[in-house]
Structures are given as structure tokens and as C-alpha cells.
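Here is a short report on one protein chain. Look over the sequence and the model before reading on.

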Amino acid sequence: MATMDSLIGLMNRIQRACTVLGDFGGGSGGNSGLPTLWESLPSIAVVGGQSSGKSSVLESVVGRDFLPRGSGIVTRRPLVLQLQQTQKGEADYAEFLHLPNRKFTDFNLVRKEIQDETDRITGKTKQISPIPIQLSIYSPNVVNLTLIDLPGLTKVAVEGQPDSIVEDIEDMVRSYVDKPNCVILAISPANQDIATSDAIKLAREVDPTGERTFGVLTKLDLMDQGTNALDVLEGRAYRLLHPWVGIVNRSQADINRNVDMILARKKEREYFQYSPDYSHLANRMGSEYLAKLLSQNLESVIKAQIPSITSTINKSIEELDKELDSLGRPVAVDPGAKLYTILELCRLVDRIFKEHLDGGRPGGDRIYGVFDKQLPAALSKLPFDKHLSIQNVKKVVSEADGYQPHLIAPEQGYRRLIESALSYFRGPAEKTVDAIHFILKELVRMSIGECQELKRFPTLQSELAAACYEALERYKEDSKKTTLRLVDMEATYLTVEFFRKLPQEGEIRPGGDGKRGSNAPPEPQPVDRYGEGHYRTIASNVKAYIAMVSDTLRDTIPKAVVHCQVREAKRSLLTNFYNRVANRATNDLGEMLDEDPSLMGRRQELAQRLELYQKAREEINSAFTR
């Protein structure tokens, strides 16, 4: 099993890695809806009002004077403080995560770097930022522990701060302490009524049972003479599940004289040992006891949270793998591999396109809708009634006769009426071709958009789309020529059999007229070949012929369109593009696979996060199987 030191050290390493990737808590959240790894890790948040002695407590625990001091709000960014115990006799040093490979042995410089790094984000103002500063301190005089120092709670905004600063600080603090695996180190000054403690008030709201709260009472030596804090320290004023710990920090005079922290710890021990009020509690008072208490508690919290942490890691790895698969893995630099990648992506788009046409995906049914509804509706709306009105028929027939009127049947008039009527079919034929072209273009756009692997290559995406549209344009022109040729063919050679079967004007049907005997020969009826009835008969005959042609074109136009556009799109949509790609230089292939920078950045971020989570899982498994 893992030891306490190895467990806390493991959590420290994971937290540092999370910070490098920006995967930190404080309300940062995650992209997948899962908690970030940081948010799943146990932590100890130091909470207190401004001037409550938070900084002094931290320095007492560390045994070093390293935090910025001043009036008002000093801590303006979360400080993640990781303490790592080293071998006895080794020198103390500190490292900042934002300054890798640089060791600080002068803790005055540590203080300055905290201030400078804070100003780098917030400016030299009194603004705050949720972006944490990560500081690791290595010393034989510390216990393995991670503490998060948060901005001090305040009640009013001062000059230079926004009016919302009170709420902003509380929201930031809450984003840490709201987590169920966050231990709350509530700092309260002993020389103030515990009922007014900002830290206790907040802790009570987020941890009403007190299971996660450790109460720390500072400034015991500054209480009025004759008073003490036993009601608080012994749990009578406000009870917590964990014992209260009293702390005696260095006085301002000690700080001004640069009194050594080791000496300050000694004075603190002596204060409790010889105090008439607190001597009976001396073995559980002081900063050294506090550090050990927190370290032991953190170990138990870590052990309890390991199943939850492991579950979060496993779920996150699964989500990251899925997203990386959707983004695609990095492309090889080999020219053959690049060509293979391009062709595979083209084949994938071609397959998706065919699925749309064949019904595996939606969209292909719209083509049938054009043939079944749009084309018949367009044919039925052609202005044949106006074209075959008595006046127009008479006008066309008369013009066709010229100076010598027709004797029997006006054949030239018939031909002109039919030819001019057939020209109306060109419009629906062209519109049908255009409608199918639009649908095919839309299906290409959908197919390219649905190819997730292609999204990472915007250049290839645009070139592939352009090649597809270019091919569809060729198919459209060929289809338009073919369908118009069908219309022209109908006008070029009329179906003679249709007219041979028409009854001739003046022809008497068998059966007589009913006035004479049935065996009597019929009498021919006179026909006015220039009367209205004659022209109405012509219009009726032409209309019947046009209806016959309309039925024919209703069947043949879809055949021509499918043959020239749909069939060709299925067979050879990308043929020219394949040939073009095969003849391109290696550099050109690389340009086609030039990824969207945002996707490259996203993939790199996911890969780093995945590596972090996998290493964390391996370390946890290793720690608990030894």
C-alpha cells in the first residue's frame, strides 16, 4: 500500500501537471461536462477575512517568511502551496511552476516573484484573478502538504476596486470550498467575536455538518488581559468535528526584526506550555501540530477519494479518446502516407455522398420529389390554353397558309402550332436539370460536412468541394443538352400515326343520322373550313398531341437527368480530382493537409491532457498495488 508521503506527493505531482495544462479548479470547469481532474483531487483551502492572520499561519506552517505583506487585499490570486519534505540537512528551496528549472534559495525573492506574477495578470491594481500561482517549497522542516491560499474575504470595496469585489472574492472562494473533497482551513482572529468570523460563516454555509472544516484561532496573545479563547478552543462557542487549533504568530516587532521562523516556533511552543489558560491544551496547539493534523487528514481524504478520482480519470480518458478520434490523429510526413490520407478522405466523402443518394442517409428522396411533383406541376402550368385559343389558332393557321388558303387540312398550320407549343417544354426541362443540380450540390456540401475526419483539413475540404462542384457543373450542362434535345426531337419529327387515327372533318360515322333508315347511305355534311368550329377542332387535335408528348417527356426527362447527372455523380464525381491529386507535387500534398491551427492546438491540448490522465492512473494503480 502507498504511504502517506507517497500519496500526498502523488497528488502534488498531478496538481502541478493540471496547472501546466490550465486544468485547474476555481470554477474553470471542463469542456466535456465532467469535473476536471483538479476538481476531483482533495485540497486544503485557507479561508479567512483580511488581516485575520492567514499569511502568518502559512508562514508558520512552512517555517519561512515568504509571503507578500501589506494593508488591505494582498493575496489577489490563489496560491497553490505544495510542501515537500526533503532529507534532513538539505537546504530549503522553492520553485514556481511558471519558472521551470529555476530554484529560489532566497525567500525574499520568492516574495517578490509572487508579487510580480500577481501583477502580471492583475496589473498594479487591487483587482483579483482566479488563475492560480503554483509554488513548491522543499525543506526538511515541513510535512508533505498542499494548501491553497485564497484572497481574504472583505465586506467593503476600497478605492481602486470595483464595487463587485466583495462578491467576486466570495465567489472565487466558494468555487474552491464548495467541492465536497475540499478541506476548509477557517482562520479566525481570537481578538474578535467568533460569531462575526467571515471564515466560520462561509464554512457553515458550505459545510453545515463541519466534517470538512478545521478551525484555526490566531492572535491569542493579542486578546485583552484577563480574557481567553477557551470557549472556542474547547468547542463550546462553536463545535466542529475536528478540534480547534490555536496559533501564536510572530508579532509585528518580530517581523520587523526578522526573527527566525524556527525561533518563532519555539516561542509559540513555550507560549502554550507555560500559559495558565492553554497549558492543558499545549499538545494540540501551535503551527507544527496544525501541519501534522492537516497532513494526516489529507491522507485519509485522499484514501477515501481514490475510487472517485479513479472513476473521474477513467471517464475523462474515455471522453478524450473519443474527441481525439473525432479530430483525427496527426498526419505522417511521408509523401505516400499523405497521398493515402487524401485518397481515403475522398473515398469516405464519396461513400457518404452515395449513401445520401441511395437512401442510407437523408436527401436523395428530394430527387424523386422533383420528378414526381415539381416536373408534373410545371408541365401542367404551361400556357397551352392561351396558345390554343381560337384567335391564336386562326392567326397561326392563316399565317402558315400564306397567300393561298389551305384546301383540305391546314398541315403547315398544324406543324407551326405544335412546334411552337413544344418549345414551352424547354422551360420545365431546364428547371428540372437545375433543381437536380442544386440538390446534388447540397448533398455534396452535406457529405463533406458530415465527414468528421475532413474537418481538420480546411484546404483539402475547399479543394474537394470545388472539384465536386466543377464535376456537377459538367454533368448539368450535359444533362441540359440531353433533355433539350429530347424536346427538340419531338418537334423535329411528329408522330404521324397519331394524326392518321384522328377522324377527318365531315366524316360520317357508321349508323347514320337517325332520320333515315339504317341501311340508307349517309349524306355528307358540309364543313366550313374557315369557321370557328374548324379552328376549334384544330386546337383540340393539337392539344391532344401536346398531351401525348407531355406524357412522354414526363417519363423521358427524369431518365435523361438521372443518366447524365445522378448516375455520373455516383460513378465519377471525384475521378478528375483523383487524377489531379496523383499529379501534384509532394509540397502541394502537404498544403492540402494543412490543418486548421485551432484544431491542431485543440488536438495538442487533448493529447497532453490524455497523457496527464493516463500517467495519473498508472501512478495511482502503482501506489495501491505495491
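Residues 507-518 keep a pLDDT under 50. pLDDT is the predictor's confidence in each residue, from 0 to 100. Beyond four places in sequence, the model has seven contacts for residues 507-518; a contact means heavy atoms within 4.5 Å. This is a predicted model, where local features need pLDDT of at least 70, side-chain atom pairs count only at pLDDT 80 or more, and totals for chains, interfaces and linings use all residues. Residues are numbered from 1 along each chain as its sequence is written, and side-chain values use heavy atoms, with hydrogens and water left out.

The protein chain has an average pLDDT of 84, and 87% of its residues score at least 70. Two helices mark the ends of the confidence range.

| Confidence | Helix | Residues | Mean pLDDT |
|---|---|---|---|
| Lowest | H1 | 4-20 | 65 |
| Highest | H16 | 426-450 | 96 |

Residues 25-34 have a pLDDT below 50. That stretch makes 18 contacts beyond near neighbours in sequence.

The protein chain holds 22 helices and eight strands. These are DSSP runs, numbered from the N terminus (helices: H or I, at least four residues; strands: E, at least two). Of the 626 residues, 47% are buried, meaning under 20% relative accessible area with a 1.4 Å probe, protein chains only.

Now to one helix pair. The axes of H12 (residues 365-380) and H19 (residues 532-572) come within 11 Å and cross at roughly 145 degrees. Axes are lines fitted to C-alpha atoms over the stretch in contact, and angles run from 0 to 180 degrees between N-to-C directions. H12 contributes Phe371 and Leu375, among others, while H19 contributes residues including Arg554 and Val561.

Note on methods: Buried < 20%, exposed > 50% of the residue type's maximum accessible area, 1.4 Å probe, protein only.
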